[in-house]
Amino acid sequence: DREALSSGVWPGAKIDATAEHVEYDTARFVTEIAQREVKVRRVTLYASKYRESFSRRIAVNHGIIAYAVAGHIRVISVNSALRTLLKGHEDEVSDLELAVGSKDDRPGYHVLGSVAKDGSVFVWVVLNNEDLPDAVEKEISCVCSLKWQHPDEDCSYSRIVMCRGAARFALLDPTSDAVRVITAPASSFLPTGESATTNVISEAQCSDVILSGVHEKGSRVLSAAWITPSMLASGSSDGSVVVWDLDSRTSRMRFAPHGSAPVEWMSMLDDRRSLLTASDSGRNLRFWSLVAAEKPVMTQNLSFTNSDGNSRGFNVIDVDEERGFVAMSNVPQKSVIILHINRPLIRADCVTEFNTLHEVVSLCVTSRTPAEPSSSQTAGTDKFGAPARGPTKELLIWCVQTKAIQLYYNVLARDCIPNETDAPQIPGPQVVDSRQALPKSEAASAPIASEVESRPSTLASRSPHEPNLPQPSVLTSNDGVPAHSGSPLGSSRESQGSSANAAQASIASLSGGA
């Protein structure tokens with residue numbers, strides 16, 4: 001196994017796709033992981049304190065990079081050195097997220113949501129006119145913003161969850177069992193006039209709904225994910241997940257994915273067909289199928305342990321839904337873990353890992369097509385003998401670290417899927433082709449977690465779009481922003497780089513096809 005991990009091929013460990021309960025020992029491959037090298041380029045020098053939190057401090061899409069800078073948000077173009085600074089929050093930004101997949105997906109426009117410790121909530125509409133062919137002067141700017149406030153003076157929201165497919169978002173209150181949902185009129189936060197600054201909607205035009213009364217009284221909502229534009233799942237400190245119907249403003253289902261353990265994080269997978277939940281400081285992941293008739297079905301229970309006796313462990317997590325990868329940072333151990341998701345089985349079937357010099361306190365993952373793929377990337381067949389569909393994708397891991405914000409790249413997606421000959425297997429000897437589902441006889445007999453109703457784990461043959469469910473220190477920066485005190489895609493090794501402009505040029509050179 002160790003010899004295989006030292007080979008020239010990316011040494012990912014296969015996960016037995018037939019195993020429902022899997023443990024990954026983060027100490028098992030520590031020697032081999034230390035020898036792995038990925039490329040890294042600095043986005044900016046910016047110091048961040050490590051704290052155990054699932055709050056997101058960076059968001060990236062095909063056009064812009066947004067990251068928290070104390071009480072402001074720096075936005076820079078992925079393709080050039082254009083930048084702007086979003087000002088409005090009066091305390092540290094707790095969480096931010098870019099909206100995707102809605103009517104607001106217009107060329108050049110980006111909708112960003114953020115919450116801060118002063119209780120403020122902002123939706124920013126950012127225009128990067130690099131994407132507009134008729135733009136005379138290239139620039140990136142905020143064309144409008146909307147602001148809300150927590151109703152209680154001394155309280156704030158811990159997370160903002162932008163809806164995929166609609167202009168709405170959910171707000172999580174760390175002191176309450178309720179979820180606040182705000183929806184824009186006509187399903188768009190963008191100005192409706194011919195000019196980017198005309199016919200701007202107001203906060204008063206948005207609907208404002210509070211969902212409560214189903215999680216246990218006194219519990220706290222910690223996580224949430226949009227299943228459909230009208231269906232929201234919320235996870236609580238009482239261990240429950242509640243699925244809300246926004247049309248009727250009622251709950252449609254309640255289950256406990258980790259027993260009584262708090263549901264600290266969750267995300268949709270595979271275009272709303274499956275759900276991933278996390279507990280135990282991100283050290284326990286569970287995969288769920290949402291196509292069953294009555295209750296979600298657990299398809300895999302994946303735990304992260306450490307045989308060296310190091311009980312410290314906190315994983316921050318992000319999902320690349322399009323490519324089927326989960327990126328995690330084991331913060332105390334200074335490593336990044338990448339899981340490949342076997343979509344037919346809704347299970348992780350491969351794990352890869354590399355080290356970082358500093359703790360990664362927040363991350364997000366995107367992907368791009370390398371500008372000049374090697375001949376091995378454009379081979380006629382993939383690792384399973386299937387026809388290769390052009391050059392492989394490259395995963396881009398954007399990381400907020402304690403010393404800087406960095407981009408890790410040269411992580412090829414094709415090298416993060418199971419390899420029959422170059423990697424050990426966790427935990428057993430059987431391997432299932434990641435393009436094949438379990439035989440029905442095996443799927444039907446697979447055990448189900450005790451906290452969920454016992455039912456066969458066979459995946460029903462219905463549309464993935466139609467799940468059949470019942471009726472948020474001292475900070476220093478060379479970013480041009482003053483230091484501030486305050487508090488849900490180079491070289492072969494990490495280096496600091498020479499200047500912010502050089503870093504921007506480096507990032508731009510990576511972003512083609514993102």
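Strand 13, residues 168-172, pairs with strand 14 in the antiparallel sense over five bridges. Strands here are DSSP runs of E, at least two residues long, numbered from the N terminus, and two strands pair if DSSP finds at least two bridges between them. Before I go on: this is a predicted model, where local features need pLDDT of at least 70 and side-chain atom pairs count only at pLDDT 80 or more, while totals for chains, interfaces and linings use all residues. Residues are numbered from 1 along each chain as its sequence is written, and side-chain values use heavy atoms, with hydrogens and water left out.

Back to the strands. A hairpin of six residues connects strand 13 to strand 14, and F169 stands opposite I182 in strand 14. Strand 14 also runs antiparallel to strand 15, residues 207-211, again with five bridges. There, R180 has I210 as its bridge partner.

How many of the five residues of strand 14 are buried? Five of the five, residues 179-183, so the strand is largely enclosed by the rest of the structure. Buried means under 20% relative accessible area, with exposed over 50% and partly exposed in between, using a 1.4 Å probe and protein chains only. Both faces are covered: V179, V181 and T183 lie on one side, R180 and I182 on the other.

Next, the cores. A nonpolar core is a set of buried Ala, Val, Leu, Ile, Met, Phe, Trp, Tyr and Cys residues joined through side-chain atoms within 4.5 Å. The largest has 47 residues, and L285, I338, L339 and I397 touch the most other members. Strand 26, residues 335-342, gives the most to this core, with five residues. A second, separate core has 24 residues, including V111, V123, L127 and Y157.

Now the cysteines. The structure holds zero disulfides, a disulfide being a pair of cysteine sulfur atoms within 2.5 Å. C163 is buried at 1% relative accessibility, and C206 is buried with a relative accessible area of 11%.

Last, S236, which sits in strand 17, residues 231-236. S236 is buried, at 0% relative accessible area. What does the side chain of S236 reach? The backbone oxygen of R220, at 3.3 Å. Contact means heavy atoms within 4.5 Å; setting aside neighbours within four places in sequence, S236 is in contact with H215, S219, R220, V221, L222, P262 and V263.

Methods: Helix = DSSP H or I, 4+ residues; strand = E, 2+ residues; numbered from the N terminus. Polar contact = N/O pair within 3.5 Å; in protein donor to acceptor, adjacent residues only side chain to side chain.
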